[in-house]
Amino acid sequence: MDEKAASTKAFIGLGANLGDPEAQVRRALLALDGLRGTRLLAASSLYRSAPVGVVGQLDFVNAVAELETALSARALLEALLAEENRFGRTREFPNAPRTLDLDLLLYGDRVIAEPGLFVPHPRMHERAFVLAPLAEIAPDIAIPGKGRAAALLATCADQRIAKIG
């Protein structure tokens with residue numbers, strides 16, 4: 001990326017529980033590094049977590065990626081949605097099983113509330129499967145309006161999550 005002054009650090013949550021979730025999350029990390037005007041700075045370990053809010057689903061494999069991007073938040077979100085589609089993501093119902101989920105968690109320190117775009121991600125501070133990998137790669141990161149990720153993780157101690165690689 002040539003545009004150092006125009007770049008923003010962004011954090012992306014990755015998840016999958018259909019097909020070969022570990023392989024899909026690993027492939028998605030490579031795909032993020034290939035997005036226009038974007039490079040992968042860091043990737044967390046993979047974590048296995050129980051589905052939140054829905055019963056009767058397979059466990060998820062999750063990770064968090066740190067990117068440097070020249071894309072606007074909206075353009076980055078659109079690129080993430082395009083990658084989900086490329087990986088075969090369908091949306092039969094809210095929280096349905098998925099081949100790949102890519103969530104824009106943080107975009108710099110910005111707070112954005114626009115139709116279809118909310119940053120920080122509205123529920124990230126309540127989800128161990130986001131907070132654990134986020135705190136792994138950015139231990140001092142704060143979620144605007146919520147606090148430090150590592151401290152928030154302690155409030156999710158009842159959520160089952162395990163590092164798998």
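Predicted model: local features only at pLDDT ≥ 70, side-chain atom pairs only at ≥ 80, totals over all residues.
Residues are numbered from 1 along each chain as its sequence is written. Local features need pLDDT of at least 70 and side-chain atom pairs pLDDT 80 or more, while totals for chains, interfaces and linings use all residues, and side-chain values use heavy atoms, without hydrogens and water.

Biologist: What pLDDT does the chain average?
Modeller: pLDDT is the predictor's confidence in each residue, from 0 to 100. Over residues 1–5 it stays under 50. In the chain, 93% of the residues score at least 70. The chain average is 90.

Biologist: In what order do the elements of the chain run from the N terminus?
Modeller: Helices (H or I, at least four residues) and strands (E, at least two) are DSSP runs, numbered from the N terminus. The chain has 4 helices and 10 strands. Their order is β-α-β-β-β-α-β-β-β-α-β-β-α-β.

Biologist: What is the radius of gyration of the chain?
Modeller: The radius is taken over C-alpha atoms, and the globule rule is 2.2 Å times the number of residues to the power 0.38. For 165 residues the rule gives 15 Å. The chain is close to that, so it is as compact as a globular protein of that length. Its radius of gyration is 15 Å.

Biologist: Which residues have the most contacts inside the largest nonpolar core?
Modeller: A nonpolar core is a set of buried Ala, Val, Leu, Ile, Met, Phe, Trp, Tyr and Cys residues joined through side-chain atoms within 4.5 Å. Buried means under 20% relative accessible area, exposed over 50%, partly exposed in between (1.4 Å probe, protein chains only). The largest core has 29 residues. Those with the most contacts inside it are Ile12, Leu14, Leu32, Leu76, Leu80 and Leu104.

Biologist: Is His125 buried or exposed?
Modeller: His125 sits in the loop between strand S7 (117–119) and helix H3 (128–137). Contact means heavy atoms within 4.5 Å. Beyond four places in sequence, His125 contacts Leu131, Ile143, Lys146, Leu152 and Cys156. Its relative accessible area is 14%, so His125 is buried.

Biologist: How many residues of H3 are buried?
Modeller: The helix is mostly covered.

Biologist: Which residue forms a salt bridge with Asp59?
Modeller: At 23% relative accessibility, Asp59 is partly exposed. The N to O distance in the pair is 3.0 Å. The partner of Asp59 is Arg160.

Biologist: Is Asp140 buried or exposed?
Modeller: Asp140 meets Arg148 in a salt bridge, at 3.4 Å from N to O. Arg148 has a relative accessible area of 40%, so Arg148 is partly exposed. For Asp140 the value is 63%, so Asp140 is exposed.

Definitions and conventions:
Salt bridge = Lys/Arg side-chain N within 4 Å of Asp/Glu carboxyl O.
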